[in-house]
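Please open the model in your viewer and keep the sequence panel beside it.

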Amino acid sequence: MSTPGTQRYSRLMLTLIKGGTKLTRRFVEKRVKDLSENGEEDTIDDFLLKNKYVILQQKLGKNKENVFFPRSGHTNLDNWDLCMFCFILEEICDPSQTTKMRIKKLLKIRNKLCHLHDPTLETEKFDEYFDDLKVSFEWFLKEINDEMFTEEMNELVQSLATDPLSMDETLKAIHNMYRSEWTQREVLEKIGSGQDLTNGKLDTLIETVGVLVSRLPSGASVTIPGIGLVIEVENCSAEEEKEILDNLEKFFNEAIEQKISGAEEDLTNGALHTVRESVKEVFRNFFMRGRHIIIVKQRCLLLTIKCTSVKSFLEMIRDYRTGDLSIQLSGIETAIKNWQGCGNIQLVNLIFKEEFMEVMDDIVSKLCKQVKQTEDTVVQTGSNAENSIRVTLKFPTVSERETVQNRFETEMFVDKMNRIQSELCGMLNVERMSLTDKLVVIEDAVSNFGTVKKKKCLQPKMADLSQYTLPNSTDVCLLDCMTAFKNLTDQEKRYAHHVSQAAWYGGLIVLVQTSPESPGIFLLLQKMFRAQSVDELKTLATTELGLSPEEFDAILIYASGFYANMGNYKSFGDSKFIPNLPKEKFEAVVLGSAACKSDPDKMKALWNAVSERLYSLENRQRELGLGEKGTTTYFSSNCDLQDAEVAQEFLTAKNLSAYNTRLFKKCAQGSGPVEYEVRLASVETENGPLPGCPDGMLGSHQFTPKGWSTPVTFHVTRGDYSKLMAHVAQALEKAKSAAANDNEVKMLREYIKSFKTGSIPAHKDGSRYWIRNTGPVVETYIGFIESYRDPFGVRGEFEGFVAVVSKEMSAKFGALVENAEHLLAKLPWPQSYEKDKFLRPDFTSLEVLTFGGSGIPAGINIPNYNEIRQDEGFKNVSLGNVLTAGYKDTKVTFLSDADKELYTKLKIPSFEVQVGLHELLGHGSGKLFHQDENGKFNFDINSVTHTETGGKVTSWYKSGETWDSKFSTVASTYEECRAECVGLYLCLSTDALRIFGHEDDDGDDIVYINWLNMVRAGLLALEFYFPETRAWRQAHMNARFVILRVLLEAGEDLVKVEKIKGEDGNPDIRITLDRSKIISVGKPAIGDFLRKLQVYKATADVKNGKEMYDRYSDVHDSDEPHFISLREIVLARKQPRKMFVQHNTSLCGDGSISLESYEASPAGLIKSWVDRFPNSDVDNIIEELWNKDKPYFE
């Protein structure tokens, strides 16, 4: 029950939390505006980015990095608290001394209130604090100088001072402040959840203390300071949390004072008594382990624990880091769960790193005093001890030693050591002396403890290997095009063959675009399998080299996966995969192979060069990403998001497309002038004209990014992948003689020009001729196309395909094109947001003969150049043999038995409908509002109304801006989501269903399975979300999860996701869709969401578009259905993605073209690649590219 004192405390806290946060937020926004340069107002995000280095140097900045600089690129000020606004004001808003004083005053009041043991205030103290707040508030309001805001603030403060208090709201606000205080302090990492480097250092530090203890004189001991253990309560209401914490504090204090309470409060099933007993049991358990709980405070719940010995302290830290401490506290959690309404409660325990380090410093200091020490500071060491010395540095605390150690490990002392070396040589009159700064950590922490040992390698946190290996059960399918190919004329076969050769050679570029090690792994596999057959190698491995058949199969699966993905990262999901057998077993096969016997030096060198990264699952190498978030070769390893943004700003300013580029940073900012190389893919390597671009594009440019005071140098070069591009161009040159018409000849001519010179404008011209080439028997496309795997979302991965038209299914797609305008009118946005004229594309179903690249999609809508798509047209293709071979589920998960039967029957026909609508009317719909360089708009700026605001449109694409460059990291998945929503929305049209031959009940079933497939896909998408980085690794799956969230949000039990026990007794999930509510609930929900997607895209509204999309993309456990928890079940029951074996074509002596087919097995897939590149000519090209790139990724 509240008292006048607690009410005063609550009112003051709410005034500080609500009023102070609102006030400092407005002041930050004002200062950002005041500090903007060049007459152009900065956004909050721009301002933060300019000052990112300063922010991240501070502890609060580091701890709140994900809030200040979220993956979306847009910080949400609603997620900031008072401390964050004060931090930004003080650190980067150029505050006056008065401003600093007012900020410190606010924080001082906050800190005092946060650290009161009892949440109560006497009238005198309340008045003192309130007067201080009032003076500070008035000063800030005067600086802000906004009458309306001042009136608003006065009303807020008045209401908080006089209106009745809402207990739930008050508890929630105060709880959030306490949580904020915790989050600003660095938590001691637990094994498997923290940074690898920190975990390794903690292990070393704990081991050091152990060594010191072992050297203690007989009978000696040390007194251990108390350490705080925080217990947080999660997944319950504020009132429930308050009640739980009150009782836990009471029961722990009873245990400390050895009181036994006779009064038992009434709770369901005697739950409170059970909780009391569980607390007493934990207290006794801790006591027996030498951990005395001496103080209990309710800030969350803070237990101060005093250990009786170093051993008991280290054991407690070990238990904390391994999770055993959570198990020891689980009895309390179980007892609390019996409380009515608390079934989902979770207790989380934390130890703060700063406090831990203070205790460790105290322990080490006390131990060192008791251990006999020698004072020698110069120790001879090394194999050549008489010619070298070691200087031992001593520090008063462990934390200070760690600080210096960190600086050594980041090579900060290299320049200083060189300077010292020069001066010492002169002072000592020594001509030759080498002074190095190699750091050797002495594990005993004092100078005379045993021998000097090298610093231990820091191991990454353990990864779940099942998520990074391909199971031996992975299916391999044949992408059969035999019948379609036989029906081609000889000329058509020659055309298909030569373009296929271009696609295969170009596809090798993906090796260089994927990871630093992929080219080397390709060379290793090609040489090994080229030298002897799979059967011969298997016999050798299982009879002489000690491998089991399963282990050898794991090598074949790995090699197949590598070839199918054109690298060691999955094309669908961007996560790394490693061989599913011990490293030494793989090494035995490599070194025992015929290839190694033939050329041992080469094979050993290759293995040594790739083996470490081949198996490495270090954090940064587990997935594709930029900077610390992953691996990429689109950027040199020293690049981060800021570099990507600066480069894009430069490219936009120069109107230079990023599609065929990579970015290399020549030196790190802060150690000299910043220089970047923008490297274009081309045959030509020298500077010269770049067709379609202004003169002088190739060469050096001085460019000052927005907000920078000094320019940076950009060197625009060409010649990336030069020799591979030459093979592509040569093959296309040969294809010209077999082209079917003039459009194909002109198309190939422009492609060749593009690939030779590096000109994207030339590729655009080739794409224009490709669009005009309607109804070809052999369909192709080639170039740097999709930007899914560029972490910044603007650089294209190379791909090329050759396919033969399937006339039957193409007829259905043709009918869909004929009805396109009629169906587009059904979409949920005004006509002004649709293209002025729908440019009817060629839409065909194809049987793929060749697909060179990292993965094979089910459908494609290209070209991706928006100016062509919007004003000139595009093509749609559905890859029929990919659908039939790759999209049959071998095992259907997460559906009821009744749904499984219908799903199995109709998945492919329903997916054909979805692909058709997705590609033609999804990617083919919608207008982009644009203003050209002359100021002319492509829409009526005076009459077009913004559907969401009701006002005029206020944003659009300016000259040089594109969809990809504006929406960058979110562009691909956002657009895929928009296209998927169009498919869902329009499949409800009987006219659309009729085109595909589905009517009446059959049509209803197709709709149901199409929607059910999307909902299930949204759940399966969790496999492609990485909680560690809070990142999605597959654009389509991110889109499908977003759609699932939208449908769940629609409510009315349209979609239900339930956790159940599976038939195997393990956790399972059941997902259900109420088909009776698809029209009444699902259609309006998808329609509203789809309209917003289109409107934000059309108006270039990055802020609102990304904000909305990121909200639906967020994966969390804060409410039902607890997606993070469900992800574990999805991963446990996931099915491996199928791999495709493709045909090879070859030119016979008589000029005819033959087609080679292969068995649908790993051995067949490997054989197809050996036959594709049967000699070492291409190896030399790949190795040259690999070596050229190495300095940028070491």
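**First stop: Ala 1100**

Begin by selecting Ala 1100, which is buried, with a relative accessible area of 8%; buried means under 20% relative accessible area, exposed over 50% and partly exposed in between, with a 1.4 Å probe and protein chains only. Ala 1100 is found in the loop between helix H42 (1078-1098) and H43. Its phi is near 55°, a positive value in a residue other than glycine. Most residues other than glycine have a negative phi, and most peptide bonds are trans.

This is a predicted model, in which local features need pLDDT of at least 70 and side-chain atom pairs count only at pLDDT 80 or more, while totals for chains, interfaces and linings use all residues. Residues are numbered from 1 along each chain as its sequence is written, and side-chain values use heavy atoms, with hydrogens and water left out.

**The whole protein**

Helices (H or I, at least four residues) and strands (E, at least two) are DSSP runs, numbered from the N terminus. Of the 1194 residues, 54% count as buried. Among contacts between residues at least 6 apart in sequence, 75% join residues at least 24 apart; contact means heavy atoms within 4.5 Å.

Next, select residues 661-665, strand S8, and residues 699-703, strand S10. They belong to an open sheet of four strands in the order S8-S9-S11-S10, with mixed pairing. S8 and S10 stand at the edges, each with a single partner strand, so one side of each is left without a neighbour in the sheet. Two strands pair if DSSP finds at least two bridges between them. On average, neighbouring strands of this sheet are turned by 25° against each other, direction ignored.

Opposite Glu 677 in S9 stands Phe 664.

Which order do the strands take in the open sheet of five? The order is S12-S13-S14-S16-S15, and the pairing is mixed. At the edges are strand S12 (778-786) and strand S15 (859-862), each pairing on one side only. The twist averages 35° from one strand to the next.

Select strand S13 (residues 797-806) and strand S14 (residues 842-852): they pair in the antiparallel sense over seven bridges. Ser 806 stands opposite Ser 845 in S14.

Now display helix H31 (residues 742-757), which lies across S12 and S13 and runs at about 25° to S12. Helix H32 (residues 760-772) lies across S12, S15 and strand S16 (875-879), running at about 150° to S12. Axes are lines fitted to C-alpha atoms, for helices over the stretch in contact, and angles run from 0 to 180 degrees between N-to-C directions.

Continue to Ile 862 and Pro 863, which are joined by a cis peptide bond with omega of about 5°. Pro 863 lies in the loop between S15 and helix H35 (866-871).

**The helix pair H38 and H40**

Select residues 963-986 (H38) and 1000-1020 (H40), whose axes come within 9 Å and cross at roughly 150°. H38 and H40 are therefore roughly antiparallel to each other; angles under 35 degrees count as roughly parallel, over 145 as roughly antiparallel, 65 to 115 as roughly perpendicular and the rest as oblique. Show the side chains of Glu 980, Gly 983 and Leu 984 in H38, which meet Asn 1010, Trp 1011 and Met 1014 in H40.

Select helix H44 (residues 1123-1132), where Phe 1123, Leu 1126, Arg 1127, Ile 1129, Val 1130 and Leu 1131 are buried. Its buried residues pack against H40, strand S17 (1025-1026), helix H41 (1035-1049), strand S19 (1055-1061) and strand S20 (1067-1073).

Then move to the loop between helix H43 (1102-1113) and H44, the place of Pro 1121. The peptide bond from Glu 1120 to Pro 1121 is cis, with omega near 5°.

**Last stops**

In the loop between H41 and S19, select Asp 1053. This residue has a positive phi of about 55° although it is not a glycine.

Finish at strands S22 (residues 1144-1147) and S23 (residues 1153-1156), which pair in the antiparallel sense over four bridges. The bridge partner of Leu 1147 is Ile 1153 in S23. The hairpin has five residues between the strands, and in it Gly 1151 takes a positive phi near 90°.
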